[in-house]
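My notes follow in the order I took them.

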Amino acid sequence: MSAAPRVLTRAQARRVAIAAQGFLDPRPEPFEATMRHVQRVVDRVGVIQIDSVNVLARSQYLPFFSRLGPYDTALLDRARDRAPRRLVEYWAHEASLVPPATWPLLDFRMRAAAEKAWGGMRRILQERPDYVDLVRAEVERRGPMTAREVEVALAHDQPRRTDHWGWNWSDVKQALEYLFWAGQISSAGRTTQFERRYAALTATAPPALRAAWTGRAGPEADPDRHLELVRIAARAHGVGTELCLADYFRIRREDVRPAIARLVADGELIPVTVPGWKPAWLHAEARLPRRVHAEALLSPFDSLVWQRERIHALWDFHYRIEIYTPVEKRVHGYYVLPFLHGDALVARCDLKADRSAGVLRCHRVTWEPGAPPEARAALLANLESMASWLGLGRVDLPIDAAPPGRAVGG
């Protein structure tokens, strides 16, 4: 008979999660982080989500600030854009940056592009496969290129014909996105306007990984791919349910279950129960700190908080992104960052970088019930640190008269 699952309290599970995500690692002095520190964060979390919203900062930069404090974002750009690349872009959680070694593990998604990619991508492949081939050849010959640059190049190299299919902006973009989804081209980074720079695989992937991908055979992905992805997710979570482990790389849960069973059999995962939570597994090498004190403003796309059921179960924190919610229906604000203090999520801050005025504006702070009084000073210190990192001169934060448990409008 198998042993009864180990029991963790919710507080213990929170502390495990915080440690696994790198919030207890020593921070460098402000703006003294090196590539080694950036790599440490990458090794901890495994996936960095990308998002186009820039009301505060591009989302890929924020998880590093949350774990390192003020740092030079050019380090992350260099890790992504220059050889030897430490990060490449692909659809991992959502649009994400992952280590190059993780990229071929996602080939099950690449293989399914013709059936599972978004409608416009499937349409362009079905209706104009020769056009898709033409776009791919253009990128491989001239890239890295943005979609706009591909359009201009095609206009030069393949002038529009009146007796056959021409080309247009929408079809260029759809073809590029299909090729990117299918793993036939990659990304060599982003422009300052957040445009993806499409590139041939030879420009982005190390030779061994290119061989691993281009040499694949058969219609099905290797099931060990799922095992490796679940292993990464389990290490990054420290402790997690089946949903947590599946959601990290957006894997089907029926593909996650055999991987969990194998990792349990091999002793890498330990079954645990956490009151009020679904059955979970503890990574065998996870830290179990007796107490933690972490302070961090968290991006809405931070891997500590992106699985909403998880943070509700462990932190009793109901969190939703309200970017697409009409203004009159928003509860906490447009771009709301949870504030981690100690081992608790104690507040939500609706932030905006007003670059023209040189001000970090906190439009609203909502404190969670029971937030300790000392969290106010900690929040202000973290906001001042963020303002310094963003090159802003001051923080607009009218919280002085508000005790925890009340919301403050700016």
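**Entry 1: Glu177**

Buried means under 20% relative accessible area, exposed over 50%, and partly exposed in between, with a 1.4 Å probe and protein chains only. This is a predicted model, where local features need pLDDT of at least 70 and side-chain atom pairs count only at pLDDT 80 or more, while totals for chains, interfaces and linings use all residues. Residues are numbered from 1 along each chain as its sequence is written, and side-chain values use heavy atoms, with hydrogens and water left out.

Glu177 sits in helix H10. Helices (H or I, at least four residues) and strands (E, at least two) are DSSP runs, numbered from the N terminus. I listed the contacts of Glu177 beyond four places in sequence: Trp91, Met121, Arg196 and Tyr198. Contact means heavy atoms within 4.5 Å. Glu177 and Arg196 are 19 residues apart in sequence, and their C-alpha atoms are 9.9 Å apart.

**Entry 2: the second largest pocket**

I then turned to the second largest pocket, with about 340 Å³ of space. Trp91, Ala95, Arg190, Phe194 and Arg196 are the closest to its centre among the 17 lining residues. Helix H10 (169–181) and strand S6 (196–199) are the elements that give two or more residues to this lining. H10 gives the most, with 3 residues.

I noted the terms here. On a 1 Å grid over the protein atoms alone, a pocket is an open set of points where a 1.4 Å probe fits, with protein on both sides within 12 Å along at least five of seven lines; lining residues have an atom within 4 Å of a point. Grid points are joined across faces, edges and corners, and the volume is the space filled by probe spheres set on the points.

By class, I found 8 nonpolar, 2 polar and 7 charged residues in the lining of the second largest pocket. Ala, Val, Leu, Ile, Met, Phe, Trp, Tyr, Cys and Pro count as nonpolar, Asp, Glu, Lys and Arg as charged, and the others, Gly among them, as polar. Domain 1 (6–100 + 223–283) and domain 2 (104–204) each supply at least three residues to this lining. The domain bounds come from an automatic or database domain assignment.

**Entry 3: Ile50**

Where does Ile50 lie? I found Ile50 in the loop between strand S2 (48–49) and helix H3 (62–68). Ile50 is buried, at 6% relative accessible area. Beyond four places in sequence, Ile50 touches Ser59, Gln60, Glu89, Ala95, Ser96, Leu97, Arg190 and Phe194. From Ile50 to Glu89 is 39 residues in sequence and 8.8 Å in space, C-alpha to C-alpha.

Pro63 lies in helix H3. I count Pro63 as buried, because its relative accessibility is 6%. Leaving aside neighbours within four places, Pro63 contacts Ile48 and Asp302. Pro63 and Asp302 are 239 residues apart along the chain, yet their C-alpha atoms are separated by 5.9 Å.

In helix H2 (residues 35–45), I marked Met35, His37, Val38, Gln39, Val41, Val42 and Val45 as buried. Their cover includes S2, H3, helix H4 (74–81) and helix H13 (223–237). Just after H2, Gly46 has a positive phi of about 80 degrees.

**Entry 4: the whole chain**

The protein chain has 17 helices and 15 strands. Of its 410 residues, 55% are buried.
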